[in-house]
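Q: Please show me how to read an interface between two chains, and then a single residue inside one chain.

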Amino acid sequence: MSQELIKVTVNGQDYQVAKGARLIDVCREKGHSVPSFCYYADLALQASCRMCLVRIEKMPKLQTSCTITCTDGMIATTESAEIEKARRGMVEFLLANHPLDCPVCDRGGECELQEMVFDWGGLEERFTEKKNAYPEKFLSPIVANDPQRCILCKRCTRVCDEWMGEDAIEAGGRGANTVIGTYDGWLNCSQCGNCIEVCPTGTLLDATYRHQARPWELSQTVTTCTFCSDGCQMSLGSRAGEVMRSVARDRYVDGINGEFLCIKGRFAHPFINHEERIKTPMIRYKKGGRLVPATWDEALHYVTEGFEAARSAYGGEGFGVVGSSRITNEANHALLRFAREVIKTDNYTATDAFSLAPFFKNLGAPIATHKDIRNAKTIVLIGGEPEELQPLTGRYIRQAVRNGGAQLVIFNNTPIRLKEQAAQFIHINAGTEDAVVFALSTGGDADLAARKLGVEASALADARKLIEETAGDIVLLFGGELSGAAQAVLAQLPAAFGAREGRRFLFHPLPIYNNSVGVQDIGLMNGRLDAGAMLAACGESVHALYVAGSFLPQHLAGREDALAKLDFLVVQELFETETTKHADVVLPAASFAETDGTFTNNAGQVQRVRQSIPPVHQSRPDWMITDMIARARGTEFDYQLSASRVFQDIARNVAAYEGMRYPALKDESNPVQAKHAIASGADVTSQMQTLRRKVESLIETNDKAQATPPVGHELFKPGTLTKRTPQFLLLDAGNPKPPTVLISPLYQLTVDPNLRRATVNATGD
Amino acid sequence: MSSQFTPNNPLPQEAPTPREMAVFSAEVEAEIDAHLAKYPKERSRSAILPLMFIVQRERGWLDPAGVAYLADRLRLRITDIWEVATFYSMLNTKPVGQYHVQVCRTLSCKIMGAATITEHCSKKLGIKVGETSDDGKFSLSEVECLGSCGTAPMLQLGFDYHENLTPEKVDALLDQCSRDEYEFKVKVS
Amino acid sequence: MFIGAIGCEPLQLRRVHLEGSHTLDVYRRNGGYEAIKKVLDGLSPDDVIAEIKKSALRGRGGAGFPTGMKWSFVPKDSPKPKYVVCNADESEPGTFKDRYLMERDPHALIEGMLIAAYALGARVNYIYTRGEYRYLINIMDAALDEARAAGLLGEKILGSNFSCDIYTHTGAGAYICGEETALLNSLEGLRGHPRMKPPFPAVSGLYACPTVVNNVETLTAVPDIIKMGGEAWQKLGTEKSGGTKVWSVSGHVARPGVYELPMGYSDMEKFIMEDCQGIANGRQLKAVIPGGSSVYIMPARDIVGKSVKMDYEGLVAGGSMVGSGGFIVMDETVDIFESTMNLTEFYKHESCGWCTPCREGTDWLVKVFKRIARGEGQPDDAQLLLDLCDNIEGKSFCPLGDAAAWPIQSAIKKFPEDFRKHLVGIAERATVGTTSSPVAAREGAATEALPTV
Ligand SMILES: Cc1cc2nc3c(=O)[nH]c(=O)nc-3n(C[C@H](O)[C@H](O)[C@H](O)COP(=O)(O)O)c2cc1C
Ligand code: SF4
Ligand code: FES
């Protein structure tokens with residue numbers, strides 16, 4: 001698209017800029033610095049801090065450059081005595097009631113107000129009156145609040161509203177008594193902490209980190225989040241081998257997520273240095289016996305012997321290798337080679353909630369990045385609940401609608417919160433997501449689908465029409481509810497709709513885990529058995545298993561004793577789990593914070609995971625453990641203890657990653673997308689037949705969830721990792737308001753894990 | 001609060017913090033319906049101020065149950081009620097006395113002797129500005145210009161204007177209240 | 001309290017003394033609803049706007065923006081609904097004219113709004129009244145009911161094709177909600193913060209639809225303009241300030257009240273000394289704030305013998321502004337330091353808190369005033385006040401910031417002695433018992449810091 005250019009003059013220099021550009025952005029881009037607090041890209045304009053004042057010719061008064069759209073011939077001045085006085089006046093006002101005790105403020109050292117004052121220097125303190133004071137307090141187990149430091153830029157209330165759609169935190173009061181807060185002083189929300197992140201001062205603070213460290217003591221490591229498939233970029237702050245916090249502050253990191261993170265990304269890191277991490281290798285010398293700590297040498301020896309015995313007894317067929325959608329591509333690749341080259345078996349898989357193989361095999365259009373979602377014209381969401389499971393995607397959907405005017409169509413069994421943004425919310429029966437795909441594709445039967453879905457056929461027709469008439473990008477998102485056949489048919493939907501000038505289809509799958517797409521790409525999910533089948537085969541055809549990570553509860557459901565039937569089980573893990581319970585050998589794996597590698601997110605972007613601290617205790621990166629076992633069994637992968645070499649190996653073997661190298665992935669601001677092959681015109685006739693049979697066999701029910709689930713219903717669920725952050729347990733117990741907000745609720749409430757209820761500590765300690 | 005982007009979509013209701021929700025009579029509900037009918041359907045938030053006055057009339061102040069009612073009735077979040085309730089000076093987020101004596105303190109009244117009136121009220125009621133008497137009967141406030149500058153000094157009792165005041169007139173008025181003989185002239189509808 | 005016209009036939013105040021003036025019957029018997037009939041009988045919306053333009057009617061809410069021009073900004077072809085909103089928030093200290101217009105002549109407002117709605121194509125209209133004026137809302141509601149019952153509101157008004165309705169809406173105690181965009185936020189059920197302009201309400205106002213916000217007095221002038229013709233109405237006043245203006249007079253005059261004067265009335269001294277029957281208790285005039293608290297204060301010396309004309313241009317020439325027409329007269333007993341502090345406290349209380357300079361500036365100003373009042377003033381405090389005002393003025397998000405600064409700036413400029421008195425007196429007290437000369441030094445500094453007149 002050709003952009004019309006106009007002429008703007010800033011401080012006497014002429015520039016050609018895009019029509020419609022915002023003056024403050026132009027000034028900054030061209031190197032004329034303009035201070036601001038309230039201006040924040042892609043949030044509603046506020047123009048309240050009045051820091052960005054500039055002089056524009058022919059306009060009376062100074063103007064806020066954050067609100068000025070450039071016009072042709074505009075002449076602006078950003079530096080003059082008048083402007084400097086105005087800006088200094090503003091900072092002086094902001095400091096009037098602001099405590100000047102930076103050394104005791106938790107944001108000291110990374111406070112925007114402090115920096116501005118230090119940068120400018122020469123500020124005389126004329127305010128000698130008494131400052132308005134408010135006590136420091138807690139807004140939740142996770143958010144601490146020091147109201148007197150607030151400069152009311154309202155970035156927090158805007159991100160809460162515009163990113164999260166929660167409106168949980170607002171400005172109350174009026175005039176000089178305005179404060180940021182909530183109805184009864186307690187914050188019930190998804191606790192994403194984005195309000196903390198965007199706060200320029202020490203007003204909203206991370207209650208899990210407050211007073212633990214100073215920013216300059218921390219080493220910052222840019223890495224990829226280890227929770228969901230969005231792959232947010234974050235900076236882990238560590239000190240002396242301990243991860244102290246996780247932030248997305250733009251002074252440290254600038255990824256696809258900007259300063260956004262969800263509660264998990266930002267607050268669930270305490271698992272890393274947790275007391276209950278598996279510290280050493282452990283051997284269970286006798287079935288049913290105890291795990292006994294061992295040295296790595298002993299453990300490796302025991303593992304090799306066990307594997308040898310199993311292989312000679314049952315051959316490669318009796319052996320299984322199980323990777324994980326939560327570990328790095330490097331780890332999964334090493335496991336795949338281990339299965340193929342060391343064990344020589346096709347029994348390999350990975351533990352993921354669902355497989356995207358049918359989707360990727362028939363992929364009929366490119367994968368949408370998060371930016372594509374933000375700029376889309378039409379967004380179709382089938383199943384899933386991004387706000388709880390892929391929060392960054394949730395944010396961009398919301399912003400696409402609110403700031404970008406996108407049309408959102410939601411097919412869901414539950415009135416999820418995103419419904420607020422939907423142009424069309426189509427409330428379908430539980431378990432009928434496949435019928436949506438059937439209705440949208442050619443050869444489908446809209447009336448049949450409508451009956452099964454429990455919706456009006458006209459609603460489906462409207463949705464189809466919207467897709468047909470879209471000029472611009474259409475992003476199709478889908479959750480794990482779709483069957484393999486439906487995934488395949490959906491993947492070919494662009495062909496079904498045919499080409500249309502200006503319209504482009506994009507896909508955005510919504511897998512659950514941080515490396516769900518990567519493990520797919522590596523090929524580890526393409527083995528003979530999937531995770532469930534692997535468990536079913538335990539004790540039947542499979543007698544020895546090598547597992548990195550753990551089976552998911554849904555895999556084990558109904559097969560709780562499967563692992564007990566094995567002759568030999570080796571598990572590498574961070575924590576003891578249901579899977580390690582039956583292990584003969586447990587090996588301590590390093591977490592994402594202790595290893596180098598890559599994760600591939602749901603946009604197909606291959607992003608770096610970087611070592612922030614040395615592996616804790618005796619843990620080792622997963623790929624390295626696999627490499628050690630392979631070597632002990634006489635196979636040399638030639639990794640030379642380098643994750644980078646493992647990745648080179650991946651790039652040689654995985655077509656979509658061809659040519660990638662770590663150095664090319666180093667800039668988190670420009671993530672590299674894997675080149676997933678587009679199979680335009682793939683034949684999905686047989687899948688369509690399967691889909692039709694499936695839809696026909698659906699029972700016509702009226703099974704729709706009526707209530708919108710509360711925020712956090714998925715996010716707060718205690719998982720293997722998240723339950724190590726005690727604050728999560730309070731949230732999961734309903735986030736009760738403690739007797740006083742002046743003390744952390746952690747010291748006032750205890751959670752009874754059985755009752756999932758919080759009670760006031762009798763002793764109060 | 002960003003009017004550009006949230007045209008008051010009906011929002012799904014999170015469980016409001018207050019557990020209890022106020023219940024009103026059919027007449028009051030009808031009154032509320034009449035207010036809501038003034039505004040476009042999807043703009044029911046517009047009725048927030050009129051409804052708050054009704055809740056205050058019925059319950060004395062914006063108590064938690066009343067706030068929960070408003071959130072539910074207007075399909076807003078509890079925080080939306082809070083941000084509005086704390087902005088406007090006539091909305092009571094704390095209980096006030098049965099007789100709310102509000103003396104105007106702004107310039108025209110000031111130069112016509114507002115301070116004398118305030119002091120007089122304070123002495124007579126035994127409470128300071130901003131306080132409520134122990135029996136919950138009287139509250140005393142200073143308020144900003146009420147548009148009685150030509151008839152200053154003045155006070156507002158509930159919604160009733162009392163103008164051209166003298167200490168004697170104030171005495172008579174407050175005595176009437178003490179004896180519960182005062183009848184409010186202006187009612188909230 | 002006096003209510004009536006001086007120097008012209010009562011126009012806006014024509015009916016206020018009639019028994020039952022608030023009823024439809026009395027209004028109709030005295031020429032009411034003839035203008036809307038005339039409009040519906042044959043004037044196009046453009047004709048109406050043209051008449052208003054000819055009348056040189058300027059907004060009576062304070063800004064004095066030409067009303068005809070404002071109406072013509074509403075995009076005709078917009079498919080969105082359009083709204084007329086009456087600004088009856090009247091909270092500017094010293095202003096109470098709208099109150100009496102609504103109390104005594106509510107149907108004039110209804111008729112004015114009907115004509116505006118017709119001209120702009122509005123179907124639904126609101127009267128936003130400050131919450132404290134509850135009794136006026138009840139009066140307006142009763143009048144609206146009467147009008148509705150008489151077919152003057154609702155579907156097919158007076159048998160024409162024009163349908164339109166008007167509703168009352170209550171504020172809840174916030175001066176800032178008189179600012180038109182804050183009013184619209186408040187009417188949408190939000191906090192009463194002003195909105196960014198542009199877009200102006202005429203393009204994107206209530207519910208993001210084209211909206212005209214007009215003051216009560218602006219709208220009540222409309223029926224007469226239509227009836228008399230814009231030109232005739234304009235001739236009652238001056239070329240640029242047409243018609244008559246209703247002033248609210250308060251303070252130390254012998255006869256405060258609501259005065260209707262022709263625009264350009266001459267002169268202010270005569271108005272105070274004769275029409276308002278002079279200063280009460282035989283005292284001397286000290287100062288006048290002629291247009292509500294937000295305008296410059298005028299010392300007696302700028303009024304007496306200066307033939308200040310009472311219209312937009314005349315008052316600017318005289319060193320102040322028409323504003324809302326809240327005419328506050330102060331006699332010699334008033335300490336301008338104290339009166340200015342009183343107003344500054346008002347602005348601090350009413351600052352909405354949105355923008356930095358107004359929120360923090362008014363808080364700081366009040367703290368300085370209070371400190372001086374406590375007897376802890378510093379010689380350079382006057383300079384500090386001026387500098388703080390300078391950092392607010394022209395830099396705030398909405399005009400309230402300016403409104404807070406102007407009274408202080410003009411008071412210090414025009415009444416330096418009233419400030420000096422406080423600062424100097426303090427210096428003396430602070431040095432009681434010492435023999436050194438800081439008294440003199442401080443006195444000197446204080447004098448120096450104050451701009452001389
Ligand atoms: C702080 C502030 C307070 C205002 N208060 C009022 C008011 O109480 N009544 C009013 O009519 N206009 C008030 N205005 C002016 C309005 O913004 C607006 O200009 C006016 O309602 C337009 O109507 P008009 O053109 O008929 O005057 C106020 C403006 C400001 C900046
Ligand atoms: S100047 Fe700023 S703080 Fe003051 S009322 Fe206007 S927007 Fe609010
Ligand atoms: S950045 Fe422009 S006013 Fe705050």
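A: Take a salt bridge, defined as a side-chain nitrogen of Lys or Arg within 4 Å of a carboxyl oxygen of Asp or Glu. Here Glu345(C) pairs with Arg105(B) in this way, with 3.3 Å between the closest N and O atoms. This is a predicted model, in which local features need pLDDT of at least 70 and side-chain atom pairs count only at pLDDT 80 or more, while totals for chains, interfaces and linings use all residues. Residues are numbered from 1 along each chain as its sequence is written, and side-chain values use heavy atoms, with hydrogens and water left out.

Q: How many salt bridges does the rule find across the interface of chain B and chain C?
A: The rule finds three.

Q: Which helices of chain B supply at least two residues each to the side that touches chain C?
A: Helices are DSSP runs of H or I, at least four residues, numbered from the N terminus. In chain B they are α2 (48–59), α4 (78–85) and α5 (107–111).

Q: How many residues are in contact between chain B and chain C?
A: Contact means heavy atoms within 4.5 Å. By that rule, 44 residues of chain B touch 63 residues of chain C.

Q: Where is His333(A) placed, and is His333(A) buried or exposed?
A: Buried means under 20% relative accessible area, exposed over 50%, partly exposed in between (1.4 Å probe, protein chains only). His333(A) lies in helix α8 (residues 329–343) of chain A and is buried, because its relative accessible area is 4%. Beyond neighbours within four places in sequence, its contacts include Ile522(A), Tyr639(A) and Asn653(A).

Terms used. Chains lettered and ligands numbered in written order.
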